[in-house]
Amino acid sequence: MKTKTLLIPILLPLFFLNFHSCTEPKIPSPDDYDSQILISWNELIFKTAIAEDGLMTLKGVRTAAMMNSAVHDALNSVFPLYERYAFKENTHWLNPEVIASQAAYQVARAQYPDQGPVFKEELDKVLSRVKDDQEKIDAIYIAGARRLC
């Protein structure tokens, strides 16, 4: 009996420490994902904007800002770390690269509809790297039906 009484104060804190470590969410690291995807989207938006009006109307700058806000919300729906702007749902099961690219595509296509095929090609580069077809379908559905942008 005395042994059990002595073990409880020792084992109880260990149990709670172990339980706490199992419930901690994994904080994503930028090294886990390819940042070149977002760099490519930004370059494509500015290239498109410069070709259209030389940035004289600031449509390209506005589009880049809207696109980055949509991407922020998309990524934050997968890893909810910050306040969200518009998209409030949790999509933790989705590939962050796919949903971020889908959000960027939607904003770009909405602002420059005649460049849709160019933007679709950029989106397809990311989608082709993902092996899980259901992840692609889910990201497109979430972004399209829920309007990330």
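This note reviews helix packing, the nonpolar core and the salt bridges of the structure above.

1. Basis of the note. The model is predicted: local features need pLDDT of at least 70, side-chain atom pairs count only at pLDDT 80 or more, and totals for chains, interfaces and linings use all residues. Residues are numbered from 1 along each chain as its sequence is written, and side-chain values use heavy atoms, with hydrogens and water left out.

2. Packing of H2 and H5. Helices here are DSSP runs (H or I, at least four residues), numbered from the N terminus. The axes of H2 (residues 36-53) and H5 (residues 116-127) come within 11 Å and cross at roughly 175°; axes are lines fitted to C-alpha atoms over the stretch in contact, and angles run from 0 to 180 degrees between N-to-C directions. The two helices are therefore roughly antiparallel (an angle over 145 degrees). In this contact (heavy atoms within 4.5 Å), H2 contributes Ile37, Ser40, Trp41, Leu44, Ile45 and Thr48, while H5 contributes Val118, Phe119, Glu122, Leu123 and Val126. These residues divide into eight nonpolar, two polar and one charged.

3. Ser101. This residue lies in helix H4 (residues 96-111). Ser101 counts as buried because its relative accessibility is 0% (buried means under 20% relative accessible area, exposed over 50%, partly exposed in between, with a 1.4 Å probe and protein chains only). Leaving aside residues up to four places away in sequence, Ser101 touches Ile37, Trp41, Leu123 and Val126.

4. Nonpolar core. The largest such core (buried Ala, Val, Leu, Ile, Met, Phe, Trp, Tyr and Cys residues joined through side-chain atoms within 4.5 Å) has 26 residues, of which Trp41, Ile45, Met67, Val71 and Phe119 touch the most other members. H2, H3 (59-78), H4 and H5 each supply at least two residues of this core, and H4 gives the most, with eight. Not counting residues up to four places away in sequence, Met67 touches Trp41, Asn42, Ile45, Ala104 and Val107.

5. Salt bridges. The whole structure holds five salt bridges (a side-chain nitrogen of Lys or Arg within 4 Å of a carboxyl oxygen of Asp or Glu). One of them joins Glu97 and Arg129 (3.1 Å, N to O). Glu97 lies in H4 and Arg129 in the loop between H5 and H6 (133-146), so the pair ties together parts that are 32 residues apart in sequence. Asp34, Glu97 and Arg129 are linked in a network of salt bridges.

6. Glu122 is buried at 12%, whereas Lys125 is partly exposed at 46% relative accessibility.

Conventions. Parallel < 35°, antiparallel > 145°, perpendicular 65-115°, else oblique. Nonpolar A, V, L, I, M, F, W, Y, C, P; charged D, E, K, R; others polar.
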